[in-house]
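Dear colleague,

I am handing over the structure below, together with a short account of what was found in it. Please read the notes alongside the coordinates.

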Amino acid sequence: MSDYNKYIVAINKIFECLEKMKSGWKNQDNYNYIDSINEYKDIIIKNAELLKNPALNSEQGVEKLSND
């Protein structure tokens with residue numbers, strides 16, 4: 001399984017769990033915490049594309065580390 005597929009499976013599992021928790025909890029504070037986590041969903045999707053297309057890393061100016 002590629003890194004991209006592992007990432008997608010893990011992220012999907014996290015958001016599935018969040019939805020289950022949201023439906024099972026009645027406390028408004030818990031809803032707010034879950035909603036604050038969901039705000040990062042777009043960033044997560046964008047990072048998935050970086051794993052899918054490693055060439056985007058160099059195009060976007062991501063610095064690679066070397067053994068200096």
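Is I8 buried, partly exposed or exposed? I8 is partly exposed, because its relative accessible area is 27% (buried means under 20%, exposed over 50% and partly exposed in between, with a 1.4 Å probe and protein chains only). This residue, I8, lies in helix α1, and its C-alpha is 9.5 Å from that of I44, although I8 and I44 are 36 residues apart in sequence.

Please bear in mind that this is a predicted model, in which local features need pLDDT of at least 70 and side-chain atom pairs count only at pLDDT 80 or more, while totals for chains, interfaces and linings use all residues. Residues are numbered from 1 along each chain as its sequence is written, and side-chain values use heavy atoms, with hydrogens and water left out.

The protein chain holds four helices and zero strands, in the order α-α-α-α from the N terminus (helices are DSSP runs of H or I with at least four residues, strands runs of E with at least two, numbered from the N terminus). Of its 68 residues, 12% count as buried. The largest nonpolar core has five residues, namely I11, F15, L18, I34 and I44, and helix α1 (residues 3–24) contributes the most to this core, with three residues; such a core is a set of buried Ala, Val, Leu, Ile, Met, Phe, Trp, Tyr and Cys residues joined through side-chain atoms within 4.5 Å.

Turning to the helix packing, the axes of α1 and helix α3 (residues 41–52) come within 9 Å and cross at roughly 165 degrees (axes are lines fitted to C-alpha atoms, for helices over the stretch in contact, and angles run from 0 to 180 degrees between N-to-C directions). The two helices α1 and α3 are therefore roughly antiparallel to each other, a term that applies to angles over 145 degrees. On the α1 side D3, Y4, Y7, I8, I11 and F15 meet K41, I44, N47, A48, L51 and K52 of α3, where contact means heavy atoms within 4.5 Å.

Helix α1 also packs against helix α2 (residues 28–38), at an angle of about 160 degrees and with the axes 10 Å apart, and α1 and α2 are therefore roughly antiparallel to each other. Their contact is made by F15, L18, E19, M21 and K22 of α1 and by Y31, I34, D35, I37 and N38 of α2.

With best regards

Key: Parallel < 35°, antiparallel > 145°, perpendicular 65-115°, else oblique.
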